[in-house]
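Let's learn to read a protein model together, one feature at a time.

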Amino acid sequence: MKRFLRFEDCVNVYSRALLRGFQAAAAILRGKSTMDYAARGYYAKSGTDVSMTPDEAERSRGVDRVSPADYRPENIEQLTALLQTCRDADVQPVVVVVPVSDRHLWRTEGEEDCRLWLESFCREQGCPFYDFNLLRDRYELFSDKESFRDGGHLCSRGAETFTAVFAEL
């Protein structure tokens with residue numbers, strides 16, 4: 001029988017992993033961690049229009065760069081261990097890439113390489129992988145004018161839309 005985690009623990013595994021490492025996420029999966037997320041300010045905030053004109057988009061293309069070559073081996077090891085901790089607890093891990101704004105995608109060179117790396121890693125780990133930036137109706141669901149609080153984070157409205165779409169998997 002699969003175990004289910006409390007929603008408030010699920011929503012910030014990623015945030016806490018970035019802040020305190022994947023050990024914090026593994027503690028959540030073992031039921032050893034609770035946090036008042038509202039008090040810490042992790043809930044999505046109101047939206048901001050992050051859209052760009054075509055000229056702004058062209059000028060900002062490739063300003064930021066990411067690459068799987070920059071992934072630290074110890075973080076990959078911790079992610080592998082976290083996925084195993086899930087399986088050991090009879091929890092099916094799922095790796096999800098939440099939508100980011102067009103502004104973010106335009107500005108960041110190497111996103112596709114990172115997506116391909118993560119997709120391959122998940123396949124090797126036997127873990128489902130969903131990139132919500134690849135949704136067929138992504139532009140109708142997540143507009144840069146209404147769905148983001150900044151280029152890389154959903155606002156309340158975008159988070160509600162994402163949750164509804166994610167729940168349909």
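**Reading the model step by step**

Q: What should I know before I go on?
A: This is a predicted model, in which local features need pLDDT of at least 70 and side-chain atom pairs count only at pLDDT 80 or more, while totals for chains, interfaces and linings use all residues. Residues are numbered from 1 along each chain as its sequence is written, and side-chain values use heavy atoms, with hydrogens and water left out.

Q: How many helices and strands does the protein have?
A: Helices (H or I, at least four residues) and strands (E, at least two) are DSSP runs, numbered from the N terminus. The protein has 10 helices and six strands.

Q: What part of the protein is buried, and how much accessible surface does the protein have?
A: Of its 169 residues, 33% count as buried. Accessible areas come from the Shrake-Rupley method with a 1.4 Å probe, and for residues only the protein chains shown count as cover. The accessible surface of the protein is about 10,800 Å², and carbon and sulfur atoms hold 53% of that surface.

Q: How do I read contacts along the chain?
A: A contact means heavy atoms within 4.5 Å. Among contacts in the protein with a separation of 6 or more, 74% are between residues 24 or more positions apart.

Q: At what angle do helix H6 and helix H8 pack?
A: Axes are lines fitted to C-alpha atoms, for helices over the stretch in contact, and angles run from 0 to 180 degrees between N-to-C directions. Helix H6 (residues 73-88) and helix H8 (residues 111-125) pack at about 40 degrees, and their axes are 12 Å apart. H6 is therefore oblique to H8; angles under 35 degrees count as roughly parallel, over 145 as roughly antiparallel, 65 to 115 as roughly perpendicular and the rest as oblique.

Q: Is the crossing of H6 and H8 left-handed or right-handed?
A: A crossing is left-handed if the near helix is turned anticlockwise from the far one by less than a right angle, and right-handed if clockwise. Here H6 passes H8 in a right-handed crossing.

Q: Which residues meet where H6 and H8 pack?
A: On the H6 side they are Ile76, Leu79, Thr80, Leu83 and Arg87, and they meet Trp117, Phe121 and Gln125 of H8.

Q: What does Cys122 touch?
A: Cys122 belongs to helix H8 and is buried, at a relative accessible area of 0%. Neighbours within four places in sequence aside, Cys122 is in contact with Val95, Cys127 and Phe129. From C-alpha to C-alpha, Cys122 and Leu83 are 9.5 Å apart in space, though 39 residues apart in sequence.

Q: Is Arg115 buried or exposed?
A: Arg115, also found in helix H8, is buried, with a relative accessible area of 15%. Not counting residues up to four places away in sequence, Arg115 touches Phe129, Asp131 and Leu134.

Q: How many disulfides are there?
A: A disulfide is a pair of cysteine sulfur atoms within 2.5 Å. By this rule the count is zero. Cys86, for example, is in no disulfide, as the nearest cysteine sulfur, that of Cys127, is 7.9 Å away. Cys86 is buried, at 7% relative accessible area.

Q: What about the phi of Asp90?
A: Most residues other than glycine have a negative phi. Asp90 has a positive value, near 60 degrees. Asp90 sits in the loop between H6 and strand E2 (95-97), and is partly exposed, with a relative accessible area of 32%.

Conventions. Buried means under 20% relative accessible area, exposed over 50%, partly exposed in between (1.4 Å probe, protein chains only).
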